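Dear colleague,

Please find below the structure that I am handing over to you, followed by an account of what was found in it. I would be grateful if you would read the two side by side.

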Amino acid sequence: MALHLLEDWCKGMNINPRNCILVTGVPEAFDEGAIEPILRVSTEYLSKCKMRGRMFVREEGAFAVLCELPSAVEPLQVPGTIAVEDGEWTVITTGSQPSPVPASDVAFLKKMSAFLGKEGKTLADMPGLLGLDPGVPQRESAPSPDEWVKALGQALEKVMPPHPESSPYRKLRLFSGGPTPIPGEEAFEPWLEHTTEMLQEWAVPDAEKRRRLVECLRGPALDVIRTLKLSNPGVKVKDCLEALDHAFGRTEGSDDVYCKFLNARQQKGEKVSAYIQRLEKLLQRAIMRGAVAVGQMDQTRLAQIVRGIQYQNPILLHLRLRERQDNPPSYSQLIKEVREEEERQAAGEVWEEEVTILIANETRRD
């Protein structure tokens, strides 16, 4: 029915239906002026779509919206659904099937198409590649089905990232920012530190990180992100954390935060790894306050470590940290190297303490 509505609507407005999409499931109370901006930021392919009108569909109890693109729509480039704050909208194109194609199948075709594109091929070349095209000379021995499955599996591993739900995932700690803390809530500073670290570790898209962040928020803190998403539905996680820091964090200026970072030095008896971990917390705050650019993060970190580590520290010399400032390692690589070097040095000290030297005089002289 939705496909017929798209075609009939375009015919009535004298618009080419191949250039249009139909968005259904838009709530009646939804602001009409916010529909087009949400569609444009949902995916780069829809960034130039233009809303042509909307119509109330009684059977669904919601509005359907007609949008036009500058050129013919490529169905594989259009998402089947668009997630919004209170649910999701369904997107229909002239290439849509009367019975919806499973989202997993659409995702598979997109990834396969991307992989073939990198190899200079298209989906239309698949019959020939599989030996099903009569115009392609047959191989002396056709590969067995098991061989095809194995080869196809290896190809897909290169283009299919792990599903977000299969990644290591622990729920973030709760935070509300209200006058009365909810059970299990901690202060903002340790919550922000833990949340920032966890989000950096998760190898998932930014939209998935934002969803998980929203899951752990309550009360005023959740209101901050909701307000932010109204003006920018595709807001980055970094911007969400920065907004929360402005609302609930310490009222420090960027200069004050950066000054604390520059004045951080390794303390007497402090391990280099402990110093780097302490310094990283100050660096993250400086980044959130805009004192340090994200692109300069690794270089800024290493420069301060070289300045802050005690003079002639053997780790500084063995890892050649001064010489690596032009091509600095990431935080994870750096802390790994430092901890391994600390373990090697500790093992060497134990060896020196446990070795006993016996001297015997085998001559007749004293």
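This is a predicted model: local features need pLDDT of at least 70, side-chain atom pairs count only at pLDDT 80 or more; totals for chains, interfaces and linings use all residues.

Helix α12

Helix α12 comprises residues 297–308. Of its 12 residues, 9 are buried, so α12 is largely enclosed by the rest of the structure. The buried positions are Met 297, Thr 300, Arg 301, Leu 302, Ala 303, Gln 304, Ile 305, Val 306 and Gly 308.

Gln 304 deserves a separate word. This residue of α12 has a relative accessibility of 0% and therefore counts as buried. Which residues does Gln 304 contact, leaving aside its neighbours within four places in sequence? They are Phe 261, Leu 262, Ala 264, Arg 265, Tyr 275 and Leu 279. Between Gln 304 and Leu 283 the C-alpha to C-alpha distance is 9.9 Å, with a separation of 21 residues in sequence.

An α-helix has 3.6 residues a turn, so residues three or four places apart point the same way. Asp 298 is partly exposed, because its relative accessibility is 24%, whereas Arg 301 has a relative accessible area of 2% and is therefore buried.

Salt bridges elsewhere

The structure holds 17 salt bridges. Side chains of opposite charge can pair when their charged atoms come close. One of the salt bridges joins Arg 211 to Glu 208, with 2.5 Å between the closest N and O atoms. Both residues belong to helix α7 (residues 206–215) and, at 3 residues apart, are separated by about one turn of the helix. Arg 211 counts as partly exposed because its relative accessibility is 35%; Glu 208, with a relative accessible area of 12%, is buried. The pair is part of a network of salt bridges that links Glu 208, Arg 211, Arg 212 and Glu 215.

A further salt bridge brings together the side chains of Asp 245 and Arg 285, at 3.7 Å from N to O. Here the pair links distant parts of the chain: Asp 245 lies in helix α9 (residues 237–248) and Arg 285 in helix α11 (residues 272–288), 40 residues apart. Are these two residues buried or exposed? Both Asp 245 and Arg 285 are buried.

Packing of α7 and α9

Two packed helices are described by the angle between their axes and the distance between the axes. For α7 and α9 the angle is about 30 degrees and the axes are 9 Å apart. Angles under 35 degrees count as roughly parallel, and α7 and α9 are therefore roughly parallel to each other. On the α7 side the contact involves Asp 206, Lys 209, Arg 210 and Leu 213, which meet Val 237, Cys 240 and Leu 241 of α9. The residues of this contact of α7 with α9 divide into 4 nonpolar, no polar and 3 charged.

With kind regards

Definitions and conventions:
Residues are numbered from 1 along each chain as its sequence is written. Side-chain values use heavy atoms; hydrogens and water are left out. A salt bridge is a side-chain nitrogen of Lys or Arg within 4 Å of a carboxyl oxygen of Asp or Glu. Helices (H or I, at least four residues) and strands (E, at least two) are DSSP runs, numbered from the N terminus. Buried means under 20% relative accessible area, exposed over 50%, partly exposed in between (1.4 Å probe, protein chains only). Axes are lines fitted to C-alpha atoms, for helices over the stretch in contact, and angles run from 0 to 180 degrees between N-to-C directions. Angles under 35 degrees count as roughly parallel, over 145 as roughly antiparallel, 65 to 115 as roughly perpendicular and the rest as oblique. Contact means heavy atoms within 4.5 Å. Ala, Val, Leu, Ile, Met, Phe, Trp, Tyr, Cys and Pro count as nonpolar, Asp, Glu, Lys and Arg as charged, and the others, Gly among them, as polar.
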